[in-house]
Amino acid sequence: MQPFYTEQQELLRNTVAGFAANEVAPLAIEVDTEEKFPKRQMEGLGGLGLLGLSIAEEAGGAGGGYKDLMVVLEEIAAVCGSTSTVLATHISLSAQTIAKSGNEDQLRRWIPDMAAGKRIGAFALTEPGTGSDALMLSTTAVQDGDDYVLNGTKHFITNAEAAEIFVVFVTHDKALRYKGISALVVERDTPGFSIVPQHGKMGMRGSSTAELIFDECRVPVANRLGEEGQGYSIALKTLDSSRVSIAAQCIGLARGALDAATTYATQRVAFGGPIAEKQAVAFMLADMATEVDAARLMTYRAAALVDAGLPHGVESAMAKLYASESAGRVAHKALQVHGGTGYFQPSIVERIYRDQRVTEIYEGTSEIQRLVISRALIDGANT
Ligand SMILES: Cc1cc2nc3c(=O)[nH]c(=O)nc-3n(C[C@H](O)[C@H](O)[C@H](O)COP(=O)(O)OP(=O)(O)OC[C@H]3O[C@@H](n4cnc5c(N)ncnc54)[C@H](O)[C@@H]3O)c2cc1C
């Protein structure tokens, strides 16, 4: 029990922990080894009413906030990283962008179906030629009557093979830099839009990653979120809050590794007793537990700021940076505690060790989080 969670959040945690243990954990190995999209798990989360969490009821969501979403993501990630990636992308990247920037008609068209899990969402910013430097994106959108005509390629797009609603960032004129970027919603069956799966990921293997190819693809101007040229600030706003979700996912990954290491250390016998009695092992567990708790506190602060509508860019960058890198340290130690057993599939720590790695890369690499944090420090010192 965490003292900062409300009774309702503890109830939510219990419900999701039960669902995770019964419906998500048993399929986690299959999801990983077969690169199997967790469709049934997402349907189950939709059935529990959790796919619209953190999205205002007026916008067609289920209400609640990022603190609630944090509870859910931790529990799911503790048993299956891939499912937590699919969930975080669907809610925090895709549905949230539409919910925050869409007009009434757009909310009505897309949010209720997304909140019910009937249509899965994706978010497409990255391209083969540019990732961290998103200003350089080159997928073009040229207006022709009531449509934009799109040409270009996005890559590394999570959920793509299962998604039906894609938030896509395009440029009308690269020379305008951020002022030329817009956010459009592209529906899956749009002519000129194709999806090419990208296989062979190190971890999060069930999360379905693909290239999106736009070839003279006509998208109605009515699908634009916000005004023309507002896309870059829409993307940054989404990422600022969505990083809280990745931090929460990392807490789950780290906790899953810690739980497995603690259980293993109390059962594995060496030199006449359980290895947990060796101080070197027990201290590893202590360090792991401390890092999980620190990450949870930082993430809770960032989630609370998002929910209160207060500035949270630096705090969410700090939470994502710390939670992802500490999850890496925790996964490393958890595998060490398992000895050779941890190096083989289907050990959960072997999977978490691989799943964790991308959390230091997607939604802004650790270097980009440090850039956000240091820029705020330097700007503060200069004013
Ligand atoms: C499994 C997976 C899923 C993903 N899902 C999505 C998705 O759903 N939607 C989406 O749009 N994108 C997605 N991405 C893309 C992800 O966000 C990018 O990979 C990430 O932003 C980094 O971009 P890049 O790979 O082009 O690396 P680059 O930007 O080329 O960076 C390469 C290296 O240079 C460093 N670097 C770059 N600029 C600086 C700088 N100014 N200062 C210091 N260091 C710097 C980086 O930190 C990194 O170490 C996904 C990626 C992966 C691997």
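I count a residue as buried if 20 or more other C-beta atoms lie within 10 Å of its own, as exposed if 12 or fewer do, and as partly exposed in between, with C-beta atoms placed from the backbone.

**Entry: ground rules**

I am working on a predicted model, where local features need pLDDT of at least 70 and side-chain atom pairs count only at pLDDT 80 or more, while totals for chains, interfaces and linings use all residues. Residues are numbered from 1 along each chain as its sequence is written. I take helices (H or I, at least four residues) and strands (E, at least two) as DSSP runs, numbered from the N terminus.

Methionine 204 has a phi of about 45 degrees. I find methionine 204 in the loop between strand E6 (193–197) and strand E7 (209–220). Methionine 204 is buried, because 28 other C-beta atoms lie within 10 Å.

Serine 54 also has a positive phi, about 80 degrees, and is not a glycine. Serine 54 sits in the loop between helix H3 (39–47) and helix H4 (66–79). I note 27 other C-beta atoms within 10 Å of serine 54, so this residue is buried.

I then checked omega. The peptide bond from glutamine 345 to proline 346 is cis, with omega near 0 degrees. Proline 346 belongs to the loop between helix H9 (313–338) and helix H10 (348–357).

**Entry: helix H9**

H9 has 26 residues and reaches 37 Å from its first C-alpha to its last, close to the 38 Å expected. I also looked at its cover: 20 of the 26 residues of H9 are buried. Glycine 339 follows H9 and has a positive phi, near 55 degrees.

**Entry: H4 against H8**

Two packed helices are described by the angle between their axes and the distance between the axes. I use axes that are lines fitted to C-alpha atoms, for helices over the stretch in contact, with angles from 0 to 180 degrees between N-to-C directions. The axes of H4 and helix H8 (residues 279–308) come within 8 Å and cross at roughly 140 degrees. For contacts I require C-beta atoms, placed from the backbone, within 7 Å. On H4 the contact is made by Tyr66, Lys67 and Met70, and on H8 by Thr299, Tyr300, Ala303, Ala304, Val306 and Asp307. I sort these by class (Ala, Val, Leu, Ile, Met, Phe, Trp, Tyr, Cys and Pro nonpolar; Asp, Glu, Lys and Arg charged; the others, Gly among them, polar). The H4 and H8 contact has six nonpolar, one polar and two charged residues.

**Entry: domains**

I took domain bounds from an automatic or database domain assignment. The assignment gives domain 1 (7–119), domain 2 (122–229) and domain 3 (232–382). The C-alpha centres of domain 2 and domain 3 are 30 Å apart. I find 13 residues of domain 2 in contact with nine residues of domain 3. The side of domain 2 that touches domain 3 has ten nonpolar, three polar and no charged residues.

**Entry: ligand shell**

The ligand is surrounded by 22 residues, and the closest are Thr126, Gly131, Ser132, Thr365 and Glu367. By class, I read eleven nonpolar, eight polar and three charged residues in the shell. Strand E1 (121–124), strand E3 (147–158) and helix H11 (366–382) each supply at least two residues of the shell. Domain 2 and domain 3 both give residues to the shell, so the ligand lies between them.

**Entry: single residues**

I looked at glutamine 356 in helix H10. Glutamine 356 counts as buried, because it has 28 C-beta neighbours inside 10 Å. Leaving aside neighbours within four places in sequence, glutamine 356 is in contact with Leu253, Ala327, Gly328 and Ala331.

Threonine 171 lies in strand E4 (residues 165–171). I list it as buried, because it has 24 C-beta neighbours inside 10 Å. Not counting residues up to four places away in sequence, threonine 171 touches Leu137, Ser138, Thr139, Thr140, Gly180 and Ile181.

Last, I checked leucine 371 in helix H11. Leucine 371 is partly exposed, because 14 other C-beta atoms lie within 10 Å.

Notes:
Two residues are in contact if their C-beta atoms, placed from the backbone, lie within 7 Å. A residue is near a molecule or strand if its C-beta atom, placed from the backbone, lies within 6 Å of it. The expected span of a helix is 1.5 Å times one less than its number of residues.
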